[in-house]
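Dear colleague,

I am passing on the structure below, together with some notes on what turned up when I went through it. Please keep it open beside this message while you read.

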Amino acid sequence: MWKQIEEECSNNNTSDTVVIQDAICKAQFFLMAKILYGMTPENTSMEVMLQLRQDFEAQLEGHFSPRGSAKFIKAKEGSERIHKILADKFDSVLKERRALYQQQDSGDEEKKDDSKNDGSSSGRNIGNAMDVVADALLKEEMKGLGIEPTYTQMKNNMSYADAVIKESMRICPIIVSIAYKSDEEMSFSFKGQKLQAPISITLAFGQNFTDERFFPQPDSFIPERWLSDSDLYVSDEAQKAFMPFGAGRHLCLGFKLADLVLKSALYCFASDEKRVIEFDHSNVAKKAGIFPSYSISDGFPGRVSRATCS
């Protein structure tokens with residue numbers, strides 16, 4: 001991914017920049033389409049691939065748009081196309097898998113007995129879905145680096161990357177509140193206040209991320225505060241207050257995969273010691289929004305290149 005962005009930058013004029021966030025999203029989309037859906041430019045038309053990407057982006061833009069607005073209608077139409085594309089793809093895969101299983105069932109009985117003895121199940125034991133997807137993603141990300149770390153290795157052996165990701169999400173969180181709704185007629189107390197349902201409540205927690213009681217020097221980027229062997233290690237209260245992916249029933253279902261994608265992107269970038277990101281500090285700032293709650297202004301314009309000095 002980073003090599004592609006680097007080549008894109010090198011093909012432009014020396015004064016030109018690319019929107020790094022868009023370039024990363026594009027590369028990650030094609031990667032995830034391959035890993036999750038088995039869709040590549042080789043087996044799926046580029047027209048379908050680009051339409052799928054546009055429709056996914058429309059979902060983000062239309063998610064909080066008023067019902068009946070142009071963005072809402074575009075997102076709804078895109079959702080219908082996504083459903084049809086993925087349904088057709090699933091039907092195709094199901095047909096292939098069914099044929100494979102039927103072929104296995106009619107195969108050599110002796111091979112079946114051998115597979116039972118060695119603990120396998122004729123290729124049907126796919127294991128934990130997260131491990132399978134994660135390992136496939138990592139192998140694709142690390143292709144060409146001469147290494148293939150597993151999901152377990154990536155999860156347990158990148159403590160500083162963990163710290164960088166947490167600190168980045170503390171400063172620019174994706175969500176800063178959770179909405180709850182109760183339709184039942186009931187009364188309850190919350191922080192000393194008596195409330196009567198039916199009622200809708202929004203629990204805001206994002207302000208804790210920049211509260212000096214939890215995070216000293218809250219406006220400074222200090223990954224070391226998340227390292228357990230550091231003198232700056234945050235308190236138990238700060239760790240409980242930090243909920244970048246939500247909490248409870250509203251916890252993001254894909255946060256483990258998101259964490260893995262972030263780590264693999266960092267690993268691939270750092271694998272080349274001469275690779276750098278050049279950008280104008282005056283043009284890059286934190287921007288408030290709805291979802292994500294905070295992001296980098298203008299999609300982080302810059303250039304991915306190779307350092308000329310040693």
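**What was found**

The protein chain has a secondary structure of ten helices and nine strands, and please bear in mind throughout that this is a predicted model. Of the 310 residues in the protein chain, 30% are buried, while the accessible surface comes to about 20,500 Å², with 53% of that surface belonging to carbon and sulfur atoms. If you look at the contacts in the protein chain with a separation of 6 or more, you will find that 59% of them are between residues 24 or more positions apart.

Turning to the strands, there is an open sheet of three strands, which are arranged in the order β1-β9-β6 and pair in the antiparallel sense. Its edge strands are β1 (18-19) and β6 (275-278), each of which pairs on one side only. Between β1 and strand β9, which covers residues 301-306, the antiparallel pairing rests on two bridges, and Val18 has Gly302 in β9 as its bridge partner.

Another pairing to look at is that of strand β3 (residues 187-190) with strand β4 (residues 193-196), where the two run antiparallel and are joined by four bridges. Ser187 stands opposite Gln196 in β4. Together β3 and β4 form a hairpin with two residues between them, and in that turn Lys191 has a positive phi of about 50 degrees.

In strand β8, which covers residues 294-296, you will find Ser295. Is Ser295 buried or exposed? Ser295 counts as buried because its relative accessibility is 18%, and the limit for that class is under 20%. When its neighbours within four places in sequence are left aside, Ser295 is in contact with Ala285, Lys286 and Lys287.

Terms used. Residues numbered from 1 in each chain as written. Predicted model: local features only at pLDDT ≥ 70, side-chain atom pairs only at ≥ 80, totals over all residues. Heavy atoms only, no water. Pairing = 2+ DSSP bridges. Buried < 20%, exposed > 50% of the residue type's maximum accessible area, 1.4 Å probe, protein only. Contact = heavy atoms within 4.5 Å. Areas by Shrake-Rupley, 256 points an atom, 1.4 Å probe, with all protein chains shown as cover.
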